[in-house]
Amino acid sequence: MHPRLSVCLLLAGLWLLAGPAWAQQPAPAAPGATAATTLAPKKQLQAVRITGGIKLDGVLDEAVWQQAPIATTFIQNRPNPGPPEKHATEVRILYDDANLYVGAIMHDVSADSILRELAPRDNFGNTDFIGIFLDTYQDKLNGYGFFVTTGGVQMDCRYSPAGGEDFNWNAVWDSRTSIKGTDWIAEMRIPYSAIRFSNQPEQQWGLNFMRQRKKENQAFFWNEVKPAIDGFVNQWGTLQGVRDIKPPLRLSLTPYVSSYVNHNPLNEEGTRRTTTSFNGGADIKWGINESFTLDATLVPDFGQVQSDNQVLNLSPFEVQFNENRQFFTEGTELFNKGNLFYSRRVGATPIGFYDVDVSDDEKIVRNPSETRLLNATKVSGRTSKGLGVGIFNALSNDVYATIRNKETGQERELLTQPFSNYNIVVLDQSLKNNSYVSLINTNVTRSGQTYDANVTGGLFRFANKKNSYAVDGRLVYSRRRGNVFGSDKQIDDQNGYKYQVGVGKISGAFTWGFNQGIESDTYNPNDLGILFGNNNISQNFYANYNKYKPFWKVNNLYTWGNITHTLLYKHTRYQDLNISAGMNTTFTKNFLSAGFNVNIDPAKNDFYEPRVYPLGTYYVQVPGSTNVGGYLSTDYRKKLAWDVNGGVRVYAQDPVRQRSGRAGYGLSVSPRYRVNNKLNFRYSLDWNLSRNQIGYVNGGLDAEEPLDSVVIRQLGGDVALGQDPVDVLLGRRQVVTVSSVLSAAYTFNNRMSLTVRTRHYTSNVRYQDFTQLRPGGEEVPIAYARNRNNTYNAFNIDAVYSWWFAPGSQVSIVWKNAGTSFLQANEATPLYFDNLNNTINTPHNNSVSVKVLYYLDYLALRPKRA
């Protein structure tokens, strides 16, 4: 049934694409087509070649600026798409053999109308800005963005179908700004080494400019960008006149030195409380040719990245942490195709970290929780024919735990992570009409007697010529071979697959889509990707209706509806049906944003919560529920602004044991206060309460606990023989989680900033009663006397001083303070301030580090020709 449905969907999508929209001759507008869904005419701007130098000072006093054609008459994109700007913007482009120069004059009412808050690099803040967008291969899918604010703060990003708008990408370029009367002026110098383009006698690039007037919350584009049209890069104009430039030799070296002082509060035998380290390494960028760049990091040091937001995880799935390491966030849009790459797997916790067993007369002296990388390398780029190629490779060394005999003092080492190679290869072909096809392969090869993993995926998206309909899909195959680490047992999920196909209307005020997919029970991309439950069949239909023009008292209106149905793939059993809808808008006068959503979930079967594999026999029956939520966000231009989110989920009576009173509540309050253009504070408080939640007892059962051993036997296990229970222990519990984050930022100037982030997290679990889960979702009350209440606390401080003393060169000083506690049974307390006091008084690990990066560009260092 399901494969036939997929074929029908695919044929329907191809039929849509094969209509008149793909005819060679121009076709008349489709019935119902409006100006809002028709691409704006492509504007053109001529660049002017110069031979003399330009002084980058934000003044534009060189005569050549007055000779260049002007890009003006910008069109408003928000809050009211369509009208031309009232206060003119004038942008000119010059170029020479090495750089592209952008000169922009933004006219305004008065100097007071030009907002200019300072912020760290890649942060906009409450300020005006001007930006230039370049599509150097004119494939209408991929591009660059360079922005500068009135205060001279730089931002840069990449645009791609996989990464969207990616501000993690950083380039080395320069800019200056100034304010003159009622105007503000920006001058940019973008070296050709910062971008990639083909080796053609005459370049023709996609081009657009964007201006923000924060005073009125307005944004304008030179070439109109219509929100009702799918895509962004495809709505840019054209830059012409750039001739006889050559892609430069892109070769740069960024060496670093770093020093750490770490204080460990635990005074264990054989360890020192205070340790120091000195590190050195380098990042290398080499332009292999006009299209491709090699990025390599040698002996990388990631010790200064922001601390992870540690949480108490009660779910059957792992926690997905953000990637904060710059090498793995910058220029990775190709590698993120298909979401098959979870970069935290590289340098992650060793696969044998949790399996270090010691005898009664031994103790673990050292067990590293991270795998140190030897090096990592990326090669990526795109040819003039639109073929994107990405190759990623990283190596990690053996990792050992150190175990010491308590009596003799003799030590032994136990391997927890073998020498490993991580590899990704991506081919991504851009096609006409905002379409593409891609091939991705990820591979992990480990030395020794363990297993290797390989995943291969193909993606496609085909849109019609009018960019109004599209069909997309993917097919992924996972392959694992070898033994479970530290065991003679063969890996069991050796072959698996995943596919998804969808079709939909992608442009216009009304859009819709339908997709269907399968993940087999043995599909497993987890060695270099991340998976939240396989073994399912899903169908989804969504519809959106949006009004982009102001009406009544609002600027816009976005509405959506969604229906998702899932089945278990193996055994084809019902899992879940979800019906949801919502809307959001922004009010015209005060720019108050508001929205609400409703979710209706009929009764469902949770096959993952019991943690019994293979799935199908055991499941938790979850009663039907309804969730209502909403949010309010005030105007960020005000000194004091608020974000408030809230939601309530109410459950029907439990069908298994006629239990009632199950509910969930959530509230988030996030004020922000801007003292002046340099100093701001932000605070967020998140509170969540789950009442009468039914779930797997976190931590499981311990055969060495007398009270647990009794229950293990009741659940069908045998303590003496070491046999695990057959049935599952569930608990009815109340869970209260509170997260509090306070951040402060002081920006000295556009190159120097100090930020401090403090986070306290506490989660308290209190059990009311317990049941024995049997096959088929049956629950039977069980007498269990052990106190399983627990409280988890985490506290972090990250203080970062950053100074960009030259383009691409930085000094950073970081102080990190971290502490956690896990309280069980009678020690656990549901009182927030008791937990806060306990967390503060718990010994913390402290680290202070200094790191210096210095950017060396071969083009600047090579001898000048006479």
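**Exercise 1. Find how much of residues 56-214 is helix and how much is strand, and how far apart the ends lie.**

Step 1: over residues 56-214 the chain is 3% helix and 45% strand. Helices (H or I, at least four residues) and strands (E, at least two) are DSSP runs, numbered from the N terminus.

Step 2: the UniProt record, an unreviewed entry, annotates residues 56-214 as "domain: Carbohydrate-binding". Its positions are given in the numbering used here, feature names are shortened, and annotations may be inferred rather than shown by experiment.

A word on the model: it is predicted, so local features need pLDDT of at least 70 and side-chain atom pairs pLDDT 80 or more, while totals for chains, interfaces and linings use all residues. Residues are numbered from 1 along each chain as its sequence is written, and side-chain values use heavy atoms, with hydrogens and water left out.

**Exercise 2. Identify which residues touch the most other members of the largest nonpolar core.**

Step 1: a nonpolar core is a set of buried (under 20% relative accessible area, 1.4 Å probe, protein chains only) Ala, Val, Leu, Ile, Met, Phe, Trp, Tyr and Cys residues joined through side-chain atoms within 4.5 Å.

Step 2: this core has 37 residues, and Ile93, Leu100, Ile132, Phe146, Leu207 and Phe209 touch the most other members.

Step 3: strands that each supply at least two core residues include β4 (89-95), β5 (99-107) and β12 (202-213).

Step 4: another core, of 24 residues, lies apart from it, with Tyr436 and Leu459 among them.

**Exercise 3. Decide whether Ser435 is buried or exposed.**

Step 1: Ser435 belongs to strand β24 (residues 435-446).

Step 2: its relative accessibility is 2%, so Ser435 counts as buried.

Step 3: leaving aside neighbours within four places in sequence, Ser435 is in contact (heavy atoms within 4.5 Å) with residues including Leu141, Arg461 and Phe462.

Key
Buried < 20%, exposed > 50% of the residue type's maximum accessible area, 1.4 Å probe, protein only.
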